[in-house]
Amino acid sequence: MKYITSAPANIMLMGEHSVVAGEKAIACGLNQRLQIEWEPRADRRIHILSELGDYETDLDSLGEHPKLTWVLAALRHYQSALPHGLTLTIQSDFKSTLGLGSSAALLAALLGGLDALTGRTPDFQERFQTGLNLIHTLQGRGSGTDLAASLTGGVVLFDPQTQTVESVNADLALTLVYCGYKTPTAEVLQKVADDWQHQPELLANLYQLMGQTTEAAYQALQNDDSAGFYRLVNSYQGLMDALGVNDPVLSDLVYRLRQDAGIAASKISGSGLGDCVLGFGQLSNALPGFDPLPINLDPKGLDVQTP
């Protein structure tokens, strides 16, 4: 009597940083997925098997593990409704170090499984709110854009103020290149706060301009205006640079991608100062020194298979 849940990796196409200030963002689910197999137990033990570590504890106490904080936090939220122990086997098509929203994909798969096991049938809004509360408990901040993308799949416009999503009918070819290092998002956000502490009004205006660019890009996708969308992608990269989250390696990658005949636009993917650069299109030539990640859009979000 096993349950299986899975959720896609995700990336933000546009809206990095400004979404934290309340502006809309465009994100998507990717065809690399994280899967959890849930096996009910006859006792009250919790056994977690994953690449990040194996851990066994008791359902009534739910101890701590430094690399399994998301799993244990989700279990604690549903703890009183779980009638028995569980063995969780977690497998992923992608590494957690590549900036593909692994925590959000894990959280989405956890929520789907725990809802099924406890007989709950929440709508998107209720499930998203549960997940966002857990994100804020564990991280202190976060818009939840990545969680929304993993729950729904496909390309979505996320509004952090209403916490709602709109599906975008877009067939985008994507090329993702990892630069070789990553600065934690919290550190990047703190750097931005420090850099702009004496110019808060200018920062607010910059975030507003980023939001307007994202909204215009969404309209371009809705109108099937690919050329207009690609121009706005490149414009958003300029705004990321103005914000101060570009660096020499990322800048070089951005322009090397744009010089390839198969790439129509490129920008930083994620918070910046490391991580990935995203190209729209497919490389027609090799990129010396870098191996692009094989990604495609995944129209399917959270998937729950019950016995």
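Contact means heavy atoms within 4.5 Å. Helices (H or I, at least four residues) and strands (E, at least two) are DSSP runs, numbered from the N terminus. This is a predicted model, in which local features need pLDDT of at least 70, side-chain atom pairs count only at pLDDT 80 or more, and totals for chains, interfaces and linings use all residues. Residues are numbered from 1 along each chain as its sequence is written, and side-chain values use heavy atoms, with hydrogens and water left out.

Start with helix α6, residues 200-222. Its 23 residues reach 33 Å from first C-alpha to last, close to the expected 33 Å (1.5 Å times one less than the number of residues). Its buried residues (under 20% relative accessible area; exposed is over 50%, partly exposed in between; 1.4 Å probe, protein chains only) include L203, Y207, M210 and Y218. Their cover includes strands β1, β2, β6 and β7, plus helices α5 and α7. Just after α6, D224 takes a positive phi of about 60°.

Now the aromatic rings. Rings of Phe, Tyr and Trp (its six-membered ring) pair if their centres lie within 6.5 Å; planes under 30 degrees apart count as stacked, over 60 as edge-to-face and the rest as tilted. The count comes to five pairs. F124 and F128 are stacked, at 5.6 Å centre to centre and 20° between the planes. They lie four residues apart in helix α3, so about one helical turn separates them. F124 is partly exposed at 24%, whereas F128 is buried at 0%. Ring pairs link F124, F128 and F158 into a cluster.
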